[in-house]
Amino acid sequence: MSQFRDSFLNKDEAGGKLAADELLARVKEYLKDLNLEVENTDVVVRAYANVRGLGKACVKNDLMKPTADLGLFANGFTGRHPLFDFVDVGVGKERADHKIRELFLFHINSLQCKHVLLGVSHDSGYVPFLERFVADDAVQHRVTLLDGYQVSAAIRNLGFKKIVSFPSVFARAWTPITQNGNHQVQSPTPAPVSRATKRQYRSSAVDPSRLGPVMKNEQGQRIDKPLNVNDGIVNAIQTKNLCMWLFLKGYCAGCERNHAHPPLSKPEYDALWSVARRGKCYQHRKAKGCNDPSCIYGHSS
């Protein structure tokens, strides 16, 4: 468990709200360090625990005051932001583990997901699950391990390049929960934050006017321009991890995707565009309407 600071835990619902605000601020700050666009990006947070059992254990081991209520803390955390959830999974560690693994796979396979911060680095039981992704550069650059209090040696040795700690959110000196009430305090050295070097890319060979014009149906709703794509070309283009912004729009403000590729043929361009459309346009998802003729994402309902 990544232990929230006791200054949050002991304030019940108000503490949950404060913890959610501080976590959101630190995550956005970190994403800026990675040169990711933040203002129009949703931050989704899922925390899983046996709330009743964990609350009792925290009180028993003097991590929370007897009058504090972890359930109220979870309510405050969940209610503070629309995409924040502190989920009570009931008894059984495997319940939380199963949800964490499935949610990680869901987001890492989503074109709309820009980055994943994963808070399981204390648990060496995740090594068999995580090691499959270490050699995949397309996944590696989109994953940061969250050092909630201590990264296990087995997970650190996997070789993930990005590890970050948020000491204003999580306690840096962790007191493990024990059945007999004995405490063993560990004060790990905070891991350095990897800072990306921003490099911009331009291509005069790309004609972004192909993306327009904006098309709408009889109800005035935006629809996507028809494409004639070959499944074989689509499958081949997906393996190249191409930067969609550079090869579809001619400009990239900086990312870790593949920019070293010859200009695309028309069939390749449409294939890459069809892949990009699997991710829904942010404005469209928010029902704000998208009138950007160079938007590369999908607008279908």
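Reader: What makes the link between the side chains of Asp292 and Ser294 a polar contact?

Author: The distance is 2.8 Å. A polar contact is a pair of N or O atoms within 3.5 Å; within protein, one must be able to donate a hydrogen and the other to accept it, and residues adjacent in sequence count only if both atoms are side-chain atoms. The side chains of Asp292 and Ser294 are therefore joined by a polar contact. One caution: this is a predicted model, where local features need pLDDT of at least 70, side-chain atom pairs count only at pLDDT 80 or more, and totals for chains, interfaces and linings use all residues. Residues are numbered from 1 along each chain as its sequence is written, and side-chain values use heavy atoms, leaving out hydrogens and water.

Reader: Why is Asp292 called partly exposed?

Author: Its relative accessible area is 31%. Buried means under 20%, exposed means over 50%, and partly exposed is in between (1.4 Å probe, protein chains only). The value of 31% falls in between, so Asp292 is partly exposed.

Reader: Where is Asp292, and what does Asp292 touch?

Author: Asp292 sits in the segment after helix H12 (282-285). Helices (H or I, at least four residues) and strands (E, at least two) are DSSP runs, numbered from the N terminus. Leaving aside residues up to four places away in sequence, Asp292 touches Val214, Arg222 and Lys249. Touching is contact, that is, heavy atoms within 4.5 Å. Asp292 and Leu211 are 81 residues apart in sequence, with 9.5 Å from C-alpha to C-alpha.

Reader: Is Ser204 buried or exposed, and how do you know?

Author: Ser204 has a relative accessible area of 83%, so Ser204 is exposed. Ser204 lies in the loop between strand E6 (201-202) and strand E7 (215-216).

Reader: What makes H2 oblique to H4?

Author: The axes of helix H2 (residues 12-33) and helix H4 (residues 70-80) cross at roughly 45 degrees and come within 6 Å. That angle makes H2 oblique to H4. Angles under 35 degrees count as roughly parallel, over 145 as roughly antiparallel, 65 to 115 as roughly perpendicular and the rest as oblique. Axes are lines fitted to C-alpha atoms, for helices over the stretch in contact, and angles run from 0 to 180 degrees between N-to-C directions.

Reader: Why is H9 called roughly perpendicular to H11?

Author: The axes of helix H9 (residues 231-238) and helix H11 (residues 266-276) cross at roughly 70 degrees and come within 9 Å. That makes H9 roughly perpendicular to H11.

Reader: Which residues of H9 and H11 meet?

Author: Ile233, Val234, Ile237 and Gln238 in H9 meet Pro267, Glu268, Ala271, Leu272, Ser274 and Val275 in H11. By class, the contact has seven nonpolar, two polar and one charged residues. Ala, Val, Leu, Ile, Met, Phe, Trp, Tyr, Cys and Pro count as nonpolar, Asp, Glu, Lys and Arg as charged, and the others, Gly among them, as polar.
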